[in-house]
Amino acid sequence: MSHGAKMKKKNNALKIFLQPIWSKNPINIQMLGICSALAVTVQLKTALVMALSMTFVVSCSSFMISLFRKQIPKNIRIIVELSVISTFVILTDEFLRAYFYDISKQLSVFVGLIITNCIVMGRAEAFALSNPPHLAFIDGIGNGFGYGSVLLAVAFIRELLGSGKCFGFQVVPDYLYSMGYENAGFMLLAPAAFIIIGLLIWLQKVLTKDGELNR
Amino acid sequence: MSDRMKTICFAFALCLVCSLLLTAASTGLKPLQVKNIQMDRKKNILLAIGLIDSRRIYQASEIDRLYKKNIFKYDTDQTGTIIDPSAAPEMAQDNLLPIYLAIDNNNKIISYIIPIETRGLWGKINGYLALQSDGSTIKGFTVYKHFETPGLGGEIEKKWFQKNFVGKKIVDQNNHFMSISIAKGRAADQVPEEKLPNYVDGISGATLTGQYLTKGLQKILSEYEPASVRFRQNLLQCRMQTDEPWCENEKEK
């Protein structure tokens, strides 16, 4: 392989990793996985665990599906994808219940619901079935990070304004409270996440000047 | 090999690999999960009597220490008598009701805790109801396991709902047994003022969960009523027996 082709290949992998984090972000641009983004973003801790679980599931399942993409019979491919994804999701759930019981209790059904998260199925169908395993894995990591970064941004704003904390540590000083500052209880409710995600989408569209121009 | 055969073989192999993986994970992680669940129950008992704060994070060893120091499990028979753990075996086991006692350093019972297990809308609700040693005032209520809808009936596990139980009564104005009920919406809008001590605010959108919980608490509290009566009449006393306090009926002494 020539030096140029190698460089191109490297750039390609980097592009596959970076695209879902910014220009093709699964939440902000593709509007996928919003359900869980509303539910688990009250605190940074749950959002982080959810983001990591999601990254693990989407990268591993994309890798496995890509590895067997030539063997998977076309007529049962959706079922195969679903079995692989649910296996990884259940593994994650069991692991959390063994090592992070309190967090898994807070995440409740939402870890299990990663199975139905459109991002995972979407990447398996749209990317893993037609690309080699290492790229599919990178694509999965990129999408997990893209999803996770939005989750963490939303959770940061909600935890800071809603309970005056950051990762469970109080950051709003006591003297502000004694001066009459109050936490915005609205931030702890699901509609607040909806509004914040809307604002984030707006921000990204403004920054990239994308949106209407490219349509 | 025909395409159909290939498909069937692939599906079979996939199922085999996935199920083996899941079985291994499930059996391998089981001991840790069981330990977590036991720790969670202990934590909920301590939460019910207000010994720990739900907003703080505790180490497992800390929970264990607090539990060992303060909480003692006994059985009561149908007359509400606490069974001497050393003399219990000849009693039929299914007639006994488990009861947890919170005992302070001076061997005084500060609270007794009743395990709650009742039907909910989608499955069983498990929790603890702690009562003060006067036998009529609720000290706290917690839920550690349920299958209610998250955001609706699932709110029974939240502090805002559970803190409404604190200070409520399981007796009416004349000191007769009257179970605690979950109102439909705000209790103050629904029931006359003299009954307010027996009602807690309900969860909007979760009327059925509230009804099942009301029924379950009614049933369980009436089963434990003989024991509660003894507490109300202040008949129980504890003394230190070797390493563990032992409580019994003063009258019979």
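One caution first. The model is predicted.

Let's start with the contact between the chains. Chain B brings 16 residues to it, and chain A brings 17. Look at the chain B side. The residues there that touch chain A are 10 nonpolar, 4 polar and 2 charged.

Now zoom in on one helix pair. Take α4(A), and α1 of chain B, residues 3-48. How do we describe such a pair? Two packed helices are described by the angle between their axes and the distance between the axes. Here the axes come within 8 Å. They cross at roughly 15°. Anything under 35 degrees counts as roughly parallel, so α4(A) and α1(B) are roughly parallel to each other. The crossing of these two helices is left-handed.

Which residues make the contact? From α4(A), they include Val80(A), Ile90(A), Leu91(A), Glu94(A), Phe95(A) and Arg97(A). From α1(B), they include Leu14(B), Cys18(B), Leu21(B), Leu22(B), Leu29(B) and Gln33(B). By class, the contact of α4(A) with α1(B) has 12 nonpolar, 5 polar and 2 charged residues.

On to the interior. In soluble globular proteins, nonpolar side chains tend to be buried together. The largest nonpolar core in this model has 47 residues. Which of them have the most contacts inside it? Met50(A), Val57(A), Leu151(A) and Val154(A). Five helices of chain A give two or more residues each: α3 (44-67), α4 (77-99), α7 (118-126), α8 (133-163) and α10 (190-208).

Leaving out residues up to four places away in sequence, Leu151(A) touches Ala37(A), Thr41(A), Ala47(A), Met50(A) and Ala51(A).

Last topic: phi angles. Most residues other than glycine have a negative phi. Two residues here go the other way.

Met31(A) has a positive phi of about 55° and is not a glycine. Where is Met31(A)? In the loop between α1 (3-18) and α2 (34-39) of chain A. Buried or exposed? Met31(A) counts as exposed, because it has 12 C-beta neighbours inside 10 Å.

Asn175(B) is not a glycine either, and its phi is positive, at about 70°. Asn175(B) sits in the loop between α3 (159-162) and β6 (181-182) of chain B. With 11 C-beta neighbours inside 10 Å, Asn175(B) therefore counts as exposed too.

Conventions. Residues numbered from 1 in each chain as written. Chains lettered and ligands numbered in written order. Predicted model: local features only at pLDDT ≥ 70, side-chain atom pairs only at ≥ 80, totals over all residues. Contact = placed C-beta atoms within 7 Å. Nonpolar A, V, L, I, M, F, W, Y, C, P; charged D, E, K, R; others polar. Core = buried A, V, L, I, M, F, W, Y, C linked by C-beta atoms within 7 Å. Buried ≥ 20, exposed ≤ 12 C-beta atoms within 10 Å, placed from the backbone. Helix = DSSP H or I, 4+ residues; strand = E, 2+ residues; numbered from the N terminus. Axes fitted to C-alpha atoms, helices over the stretch in contact; angles between N-to-C directions. Parallel < 35°, antiparallel > 145°, perpendicular 65-115°, else oblique. Left-handed = near helix turned anticlockwise from the far one by under 90°.
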